[in-house]
Each structure stands twice: as C-alpha cells, then as structure tokens.
Amino acid sequence: MKQLVRENILEIEPYPPGKPIKEVERELGIKEAVKMASNENPLGPSPKALEAMRQAISDTNLYPDGSAYYLKRALAEHLNVGEENIILGNGSDEIIRMIVETFLNEDEEAVIAQPAFIIYQIAVKVMNGKCRIVNLRNFTHDLVAMGKAVNDKTKLVFIANPNNPTGTMVSDEEVGTFMNKISDEVIVVFDEAYYEYIIRDDFPQTINYVRQGRNVITLRTFSKIYGLAGLRIGYGVAREDLIRDMNRVRQPFNTNCLAQVAALAALKDKEHIERSSSINREGKDFIYEELDKLKISYVPSEANFILIDLKQDGKAISQKLMQEGIIVRPMGMYGLPDFIRVTIGTIQQNEKFIKALEEAI
Ligand SMILES: Cc1ncc(COP(=O)(O)O)c(C=O)c1O
C-alpha cells in the first residue's frame, strides 16, 4: 500500500504523555500521589482566576472572543507594548507551532540547543525544516556556538531562557553580544515560560528588542507561575508585522473563553504571584540543602524545577519514587539517562520527595 504519511512526520517521536494521576494511584494502590513532573504551580490557580471562570462558565455556549480583546489590552498595559504587538496561543506550545508555520520555508533551518524544550524540534520537523542542533555548555545555552551555527539557511533561533530541562539562564550581556552579531534575516525566539520566577537582575529584558524593531519574538505563558496549565494559554510579543503574519495561520478561536477570563484575573493577582514565587524560592533552598546532605549533584536552577544528577538510572529511580506516590520526570528522552527533573512543590511535597528519594537511592 502507498505510504500515506508525509516522510518528515515519520522522523517525529510523539511526545510521551504522562498517565493521569488517578490512574497511577489506582494501579499502584496508593493515595494522594504528588505530581512533580511538569513544572506546574503547586499552589494551584489564583483564587481570582477561579472566580472569574465561575462567572464566565454560563457563556460557554458562545464562541470565545477570537481577538481576546480584554486580555490583550491588559497584557499590552502590563508589558508596556501595543496590543498589535501581542498574539495569544493555546499554550505557548501553539505559538511555537505558529512561528514555524509562518516563517520557516521547507529548506530552511532552525538553530536549537540540546537538551532544550522538545517542542521546537517537533514543530520544525512538522514543517519539513531542518534542526541545527547545538549542545549546551555547562548545562546552559552556548550562545557563541549558536551564533556560529547560523548560516544562510537559518530562519529561526530558539532560546529557552531559563532552559527546560536544565533551569539555567543566559544573561543580559550574553544575549546582548549574540544580538549584536545576528543577521537581520533571522528571527530569534526567546521562550521565557519561567520568566516570573527569575530573581537575578542580569536576566535580559528581551521585549526591549521588540521595542527596538528587531526580529525577536518573546514567549511567555500562564501555565507556570499563574497556575493555569490546564487551560492552555500563553502569549507572544513581537513587532506588529510579525504578529500580523502569524495571525494569518492562527486558528480564529484558538484560546477558549475560560482561559481568557482566568488569565486576565490571574495577571492582576499580584498576591498569588508573590506567594508562588516565594514558596518556590524557599522550596528550592530546602531541596538544595537536602541534596547537598545526601551528596547528590544538581544543576542550580532559575526556574521552578531542578535537574538532578543521580549518577544512576533515572528511570529506575523515578519508578521507585512513583511507588511512594511521587511523580518526577526521568530525563532519558532528553539524552540524560542518569538524571531526573523535579518540580519544586509545597513544603510538604518537597519533604515527601526528599524522603522518598533518600530511600530510593
Ligand atoms: C521552556 C518551555 N516553553 C514552553 C512551554 C510550554 O508552555 P505552555 O503550557 O504555555 O504551552 C514549557 C512547558 O513546560 C516550557 O518548559
């Protein structure tokens, strides 16, 4: 029979979904399993977002506002950019797809670090583009090497800052040097999903490049500190013409009505954001301290997760942790078979994780 699937699609490994938490509990006969695998906010959504959704739920017979008018207006004010500089997506995942669909021709290349967020490579392969892979250096994006990897065929560069799964960041100065050299025929995507967790003051303010009219797209999301991962909503900030081009491929109703109202409320809930950030800082210090005591190495993180070097099979340890009701992410699919990535949780979750880890190793 004739092969129906496009050849390039066969190169893509489907993204492996985790099992539903209830199913894990049922299979293992455990209660109150804790998911520390997907870098979600352990405090849950902002109470204000929950209330906004309650009020909006009876309107779900209507299509959502395809322009996301109110949310875009609030984001424009929050970021001090124009509404025409913003695009919303069904998670920033969808915006990554839209970027590649809009800008990458079949024979063009995207420069991507490895290991970095896996969705960039999938999006590029779907469009039959080529990924030019540049290894991390000291677990961090090597912007010098990435700059050198840019050639006549390069259209996109993806920089996850901080990076997932390592939690490391590139500084203002490193990004500045990179941006000074980059060709103006290349679009640089700064994926800042964990932006709100950053406390270092040398983090680059990449939206300034947008204001300067550079070929830059900055991505952020409501899935992490805002605690709305299940609603799927994120945004991109770029020059007006780039946004206009991306809107040509955007599905008309790509963000749903509950996500829009929840995001609007969450954006304004400063208290929830501050609490989430502070519990993350405390949790991080606690986990570092305990790992130090156990003589386990880890990569210091700017985000809400920690990459841990177990120096033994990460998958086997993950399975043992799962028996104790702790779900973490083994890192084999990122080419780091001896590592796990754990999301920083509440105090109780972090304690439970450390206790289980100590027993598992
Ligand atoms: C670096 C990075 N970018 C993007 C995303 C996707 O976020 P969203 O839920 O907005 O699609 C993630 C999620 O884990 C991430 O780690």
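Predicted model: local features only at pLDDT ≥ 70, side-chain atom pairs only at ≥ 80, totals over all residues.
The strands of a sheet are held to one another by backbone hydrogen bonds, in either a parallel or an antiparallel sense. In the present model, seven strands form an open sheet with mixed pairing, and their order across the sheet is S2-S8-S7-S6-S5-S3-S4. Strand S2 (86-89) and strand S4 (130-135) are the edge strands, each of which pairs on one side only, and from one strand to the next the twist averages 25°. Within the sheet, strand S6 (residues 187-191) is joined to strand S7 (residues 216-221) by four bridges in the parallel sense, with Asp191 standing opposite Leu219 in S7. Helix H5 (residues 119-126) packs on the sheet, where it touches strand S3 (109-114), S4 and strand S5 (154-160), and its direction makes about 155° with that of S3.

The largest nonpolar core comprises 99 residues, and those with the most contacts inside it are Ile99, Tyr120, Leu156, Val189, Leu228, Ala262 and Ala263. Helix H10 (residues 257-268) supplies the largest share of this core, namely eight residues, while domain 1 (7-45 + 271-360) and domain 2 (47-268) each contribute at least three residues. When neighbours within four places in sequence are left aside, Leu156 is in contact with Ile99, Val100, Phe103, Leu104, Ala110, Ile187 and Val189.

Glu359 lies in helix H13 (residues 347-360), and this residue counts as exposed because it has 11 C-beta neighbours inside 10 Å, the limit for an exposed residue being 12 or fewer. The C-alpha atom of Glu359 is separated by 48 Å from that of Ile86, the two residues being 273 residues apart along the chain.

Definitions and conventions:
Residues numbered from 1 in each chain as written. Pairing = 2+ DSSP bridges. Helix = DSSP H or I, 4+ residues; strand = E, 2+ residues; numbered from the N terminus. Axes fitted to C-alpha atoms, helices over the stretch in contact; angles between N-to-C directions. Contact = placed C-beta atoms within 7 Å. Buried ≥ 20, exposed ≤ 12 C-beta atoms within 10 Å, placed from the backbone. Core = buried A, V, L, I, M, F, W, Y, C linked by C-beta atoms within 7 Å. Domains from an automatic or database assignment.
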